[in-house]
Amino acid sequence: MKIFPFVIIDSLRIMIFLLVQVSVAITNFFLIKRLGKFPKAKRCPKVSILVPARNEEKTIKNCVSSLLQQDYNDFEVIVLNDHSIDQTGEILRNIRSERLRIINGKPLPMNWTGKSWACQQLALEANGEFILFTDADTIHHPLTISYAVDAIETDKIDLLTAITRNEAISFGETITIPFPTFCIFTILPLIIAYAFPKSTAFSAANGKFMFFRKEVYEKIGGHATIRNNAVEDIELGKLIKKNNYRWRLFDISHLVSCRMYNNFSEAVAGFSKNYFALFGYRFLIALFVWFWLALITWHPLITIGRQVITNNFNNYYAIVSIIATISLWLLTSLKFGFPFYLFLIYPIIITISIFIGLRSMVMTILGRTVWKGRRLPKTKIRLI
């Protein structure tokens, strides 16, 4: 009985945190607008669509084909073949279009990640007033560019980034892929992010859709500024806000889809390269976040389990916490098209994500993070 008050206090704190999360998710549900609901732009500025591609033979044809079918008057598609050792180059050469340019990547310099170096080269080749960085595994609706220009012109946006539809086919993908979207949707309070435009603490970006005014991209230094960071998209988003440019996050899950990884092992390897980077390589902060995530996930479940066993239902905070967590996952599924049954397996999703997060920390500290055959450059690890 002596520890009972502490259990109640822990349950209360967890419940309060989760209810705040629910309020953030509900607010974001309405603040994250869908492209396609803005007035038609009065002009048609040229858009350069930039695609880095390294060993993308499974997806590159469908991606480039969808980009070439854009219902927009003035655009170009530039694809950089980044030293692919599969059939990516041959597939690209067989795609015929006046709008398509294919360039071969230069050797990777020291202290650059492969993707940042590829994007930097692509930006130098771009002729458009606007540039869109997108990944080689994405499929775009024909109206994607047109809708993005409408939004940028109407709201005077300097960086338009967006949450895409992430397909999860296998069970291994289902327990890994939704987590990043869930975090952005339920933890990032957009109402605060928009109210304080220079605060980099409240920002997010998605490398699968980074639509810049090229002039602004160049003024913040482009990818060269964040050349060795594994989460280049998020760091660019922070630079936009830091320099007082206008950033907005949209929902394009109805326009752009992708299958990020094909199985569980690919997903673990992919997320391991950047989960630690999300915390700025700050060891204690990352460790605390993963611990707290485990606590708010499992503490209510274990508490309810004990109450069932003892038939002593005296902790209603835990019940409210579980209902709040289920609500968060249902809202995420409803907004972004994930399977609705995620709320039944969320403890598995969270536990796997914590494992990947800890794995990312260990691999980064040991300098063993590898992606697409390249070892990521070592970065400075901070305690806090």
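Visitor: Which elements each supply at least two residues of the lining of the second largest cavity?

Guide: They are helix 4 (114-125), strand 8 (210-213) and helix 10 (232-242). Helices (H or I, at least four residues) and strands (E, at least two) are DSSP runs, numbered from the N terminus. The model is predicted, so local features need pLDDT of at least 70 and side-chain atom pairs pLDDT 80 or more, while totals for chains, interfaces and linings use all residues. Residues are numbered from 1 along each chain as its sequence is written, and side-chain values use heavy atoms, with hydrogens and water left out.

Visitor: How is a cavity found, and how many of 30 Å³ or more does the structure hold?

Guide: Rolling a probe the size of a water molecule over the atoms shows where empty space is left. A cavity is a set of points, on a 1 Å grid over the protein atoms alone, where a 1.4 Å probe fits but cannot get out; lining residues have an atom within 4 Å of a point. Grid points are joined across faces, edges and corners, and the volume is the space filled by probe spheres set on them. This structure has two cavities of 30 Å³ or more.

Visitor: Which residues line the second largest cavity?

Guide: Its lining is K115, C119, F133, G207, M210, F212, H223, E232, D233 and L236. Helix 10 gives the most, three residues. By class, five are nonpolar, two polar and three charged. Here Ala, Val, Leu, Ile, Met, Phe, Trp, Tyr, Cys and Pro count as nonpolar, Asp, Glu, Lys and Arg as charged, and the others, Gly among them, as polar.

Visitor: Which residues lie nearest the centre of the largest cavity?

Guide: Those are T364, T369, L376, P377 and T379, out of 14 lining residues. The lining of the largest cavity has five nonpolar, six polar and three charged residues.

Visitor: At what angle do helix 13 and helix 14 cross?

Guide: Axes are lines fitted to C-alpha atoms, for helices over the stretch in contact, with angles from 0 to 180 degrees between N-to-C directions. Helix 13 (residues 316-336) and helix 14 (residues 342-366) cross at roughly 100°, and their axes come within 9 Å. The two helices are therefore roughly perpendicular (65 to 115 degrees; under 35 is roughly parallel, over 145 roughly antiparallel, the rest oblique). Their contact (heavy atoms within 4.5 Å) includes W329 of helix 13 and Y346 of helix 14. Its residues divide into nine nonpolar, two polar and no charged.

Visitor: How many salt bridges are there?

Guide: A salt bridge is a side-chain nitrogen of Lys or Arg within 4 Å of a carboxyl oxygen of Asp or Glu. The count is 19. In one of these, R374 meets D82 at 2.8 Å, N to O. R374 lies in strand 12 (residues 374-375) and D82 in the loop between strand 2 (75-81) and helix 3 (88-93), so the pair ties together parts 292 residues apart in sequence.

Conventions:
On a 1 Å grid over the protein atoms alone, a cavity is a set of points where a 1.4 Å probe fits but cannot get out, and a pocket is an open set with protein on both sides within 12 Å along at least five of seven lines; lining residues have an atom within 4 Å of a point.
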